[in-house]
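Reader: I'd like to learn how to read salt bridges. Can you walk me through some?

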Amino acid sequence: MKLGQCFIIGCFFILTAIPCLSQELTFYEVVDNASVGLTVAPFAKGGLALSDIDRNGYPDIFCLRWNSPGYSRIYVNEGGVFQDIADQSPLEQIENLEDGTRTTMWVDYDNDGDRDLSMATTEGIHLLRNDNNVFTEVSAEMGFVAPKPGGFIVEWDCNTCGWADYDLDGDLDFFKASRSTEDQEYDELWENRDGTYFDVSNEVGFINQRFKHRGMTFGDFDNDGDQDIFMDGGSVPGFDNLFVNDEVSPGVRSFADVAEFTGITKTGDRKGCGFFDYNRDGFLDIYMPSAEFNHILYRNAADNGANWVGFILEGTVSNRDAVNSLVTLYTGEKNQIRLTRCGDNHFHQYNPWVHFGIGFDTEIDSVVIRWPLGLRQVLKDVAINQYHLARDSNVSLAIHNLRGEEVTSLFSGDFQSAGYRYAKWDGKDKNGHSVPTGVYIYQLRAGDFAAMKKMTFIK
Ligand SMILES: [Ca+2]
Ligand SMILES: [Ca+2]
Ligand SMILES: [Ca+2]
Ligand SMILES: [Ca+2]
């Protein structure tokens, strides 16, 4: 390869078929709490939520208090050593006034890249905005009623809730499932309208739902391009609900319970539910552990011709499971978002794979992945009706002489999004000295990909 002072390197995004992996058995040892900064949290611990809340590459811990004095803790992970930053939040004020915290989720409700804190307690819903690991309660200004209001207003005692963009306007909306058949509780959908949340439950069809739910989840079970809601029946007789989300007129959405119609008829007491695609046909199935039936696995037997696409995100720079990635899919005038999570709801694990229904669209304009550390990647020419493995990757490009010595480095561990990139070499080594005419070797690395080629440098 002969060049002057500029050459082009090729595409180094990795989008491949899913490989089979095997791993050797490993071992665990108990870590001394104090040695890693996990200070004593003197309360009954009722759960946890893990996330890299500050995008430093290390996952942090929320340790949940349940029905005992004290307050939950946030341990930020500073390279393997934790620091309790609960005093940088109003957790003490909130939880010392309230009986118990049932569910905590890390969610980027304001789409600025860091993880905010969503809490459902026995007394209220709380939303805490994260600004550089300092948390401020914004529930009231965002429209949520907190703490528990008096009078006839519904209570907020809540087992399970979730965040998703139900109306496809690019922001996350909030859903709370009722947890009692006795109290004045309802399923509630709160819509994000330009940064303020409004209770639209009645408008969209959640009327007089007073079931006890222990689990709920969002997912596009009919692959028509919007997210539907499944809720388990949390007590006998335990009716499960599958609410299909449809746009009944432009800009107007409505939910209807189609559980019985679609064959979801088993009743009983369960604790938790999840959408996932166990047979990888692109249609979301439902799994529930069950006391009466041992397991309940509902296979989605849809045959509606709707198209879909899925992504399995694998962090190599970010955390391995790429938890808290924001994936946006663009088709025509529409876009859909998915925020990847792990087990951060009540008795619930999110589908670890990113799944989009796209209805009868046959092409995708682009998919944009914002990886957990904030890196942005754009995918084009994405084939539909299949899962893709997507990785983030560091890129390095170094130039060596024929003795194998590194002359200089043009990229060094940088993240680059998909596409063609140009690298210009000024003919100088890393000390700024001009190199002589001759044959050199450049080496390109991107994740698992590596390539090495000769080139002739002529002054
Ligand atoms: Ca945020
Ligand atoms: Ca929305
Ligand atoms: Ca749907
Ligand atoms: Ca399936």
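Reader: Which residue forms a salt bridge with Arg391?

Author: Side chains of opposite charge can pair when their charged atoms come close. Here Arg391 pairs with Glu314, and their closest N and O atoms are 2.7 Å apart. Arg391 sits in strand β29 (residues 387-391) and Glu314 in strand β23 (residues 307-314), so the bridge ties together parts 77 residues apart in sequence. A salt bridge means a side-chain nitrogen of Lys or Arg within 4 Å of a carboxyl oxygen of Asp or Glu. Strands are DSSP runs (E, at least two residues), numbered from the N terminus.

Reader: What should I know about the model itself?

Author: This is a predicted model: local features need pLDDT of at least 70, side-chain atom pairs count only at pLDDT 80 or more, and totals for chains, interfaces and linings use all residues. Residues are numbered from 1 along each chain as its sequence is written, chains are lettered from A and ligands numbered from 1 in the order written, and side-chain values use heavy atoms, leaving out hydrogens and water.

Reader: Is Arg391 buried or exposed?

Author: Arg391 is buried, at 12% relative accessibility, and Glu314 is buried at 12% as well. Buried means under 20% relative accessible area, exposed over 50%, and partly exposed in between (1.4 Å probe, protein chains only).

Reader: How many salt bridges does the structure hold?

Author: Twelve. Among them, Arg193 meets Glu191 at 3.0 Å, N to O. Arg193 is partly exposed at 34%, while Glu191 is buried at 13%.

Reader: Which residues do shared partners join into one network?

Author: Glu191, Arg193 and Glu203.

Methods. Helix = DSSP H or I, 4+ residues; strand = E, 2+ residues; numbered from the N terminus.
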